[in-house]
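Me: I have a structure open and would like to go through it with you. Could you take my questions one at a time?

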Amino acid sequence: MNEEELQVAAFEIILHSGTARTEIHEAFALMRGNQFSQAEEKLEVANVELVEAHHAQTKLLQDYATGVEIKIEIIMVHAQDHLMTTMTLLEVAKEMLELHKKIG
């Protein structure tokens, strides 16, 4: 895998996880306003975005598993960090939604 392909994959991960993060934060605002069905929709969109980011990550792992040499650059480290923190944020948001429903 060449440097350009790796950078494209990294930016794809960053793009999709960034979009997911935006959707999650919009869902938090909706939760605070007791707009639970709209918040759920935002979290579903976030999940779809994270699946797309995960596809890019999985492609890299599959290439690596077949023996393709992948030179990791700082942009890929950043992309992975972005993806993992957003995945965690989504899990927390889902729990918060349930709590908001109980107290709202």
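Reply: The turns below go from the overall fold to individual residues.

Me: Before we start, what kind of model is this, and how are residues numbered?

Reply: This is a predicted model, in which local features need pLDDT of at least 70, side-chain atom pairs count only at pLDDT 80 or more, and totals for chains, interfaces and linings use all residues. Residues are numbered from 1 along each chain as its sequence is written, and side-chain values use heavy atoms, with hydrogens and water left out.

Me: Fine. What secondary structure does the protein chain have?

Reply: The protein chain has three helices and zero strands, in the order α-α-α along the sequence. Helices (H or I, at least four residues) and strands (E, at least two) are DSSP runs, numbered from the N terminus. Helix α1 covers residues 3–32, helix α2 covers residues 36–65, and helix α3 covers residues 74–103.

Me: And the overall dimensions?

Reply: The C-alpha atoms fill a box of roughly 50 × 20 × 15 Å along the principal axes. The radius of gyration is 16 Å, whereas a compact globule of 104 residues would have one near 13 Å. That radius is taken over C-alpha atoms, and the globule rule is 2.2 Å times the number of residues to the power 0.38.

Me: What share of the residues is buried?

Reply: Buried residues make up 36% of the 104 residues. Buried means under 20% relative accessible area, exposed over 50%, and partly exposed in between (1.4 Å probe, protein chains only). The chain exposes about 6500 Å², and carbon and sulfur atoms supply 57% of that area. Accessible areas come from the Shrake-Rupley method with a 1.4 Å probe; for residues, only the protein chains shown count as cover.

Me: Let us look inside. Is Ser17 buried or exposed?

Reply: Ser17, in helix α1, counts as buried because its relative accessibility is 0%. Leaving aside neighbours within four places in sequence, Ser17 is in contact with Leu50, Ala53, His82, Leu83 and Thr86.

Me: Which backbone oxygen lies 2.8 Å from a polar atom of the Ser17 side chain?

Reply: That is the backbone oxygen of Ile13. For reference, a polar contact is a pair of N or O atoms within 3.5 Å; within protein, one must be able to donate a hydrogen and the other to accept it, and residues adjacent in sequence count only if both atoms are side-chain atoms.

Me: What about Ala46?

Reply: Ala46 is found in helix α2 and is buried, since its relative accessibility is 0%. Beyond neighbours within four places in sequence, Ala46 is in contact with Ala20, Glu23, Ile24 and Leu90.

Me: Does anything else join Lys42, or which residues make up its network?

Reply: Glu23, Glu26 and Lys42 are linked in a network of salt bridges. The closest N and O atoms of Glu26 and Lys42 are 2.6 Å apart, and this pair also links helix α1 with helix α2, at 16 residues apart.

Reply: The side chains of Glu98 and Lys101 meet in a salt bridge at 3.5 Å, N to O. These residues are three apart in helix α3, so about one helical turn separates them.

Me: Where is Asn34, and what is its phi?

Reply: Asn34 is in the loop between α1 and α2, and has a positive phi of about 60° although it is not a glycine. Most residues other than glycine have a negative phi.

Me: Finally, which residues form the nonpolar patch on the surface?

Reply: Ile72, Ile74 and Val77 form that patch, with about 320 Å² of accessible area together. Patches are made of residues with over 30% relative accessible area and no salt bridge: like charges are joined within 9 Å, and nonpolar side chains (Val, Leu, Ile, Met, Phe, Trp, Tyr) within 5 Å. Ile74 is exposed, with a relative accessible area of 70%.

How values were computed. A salt bridge is a side-chain nitrogen of Lys or Arg within 4 Å of a carboxyl oxygen of Asp or Glu. Contact means heavy atoms within 4.5 Å.
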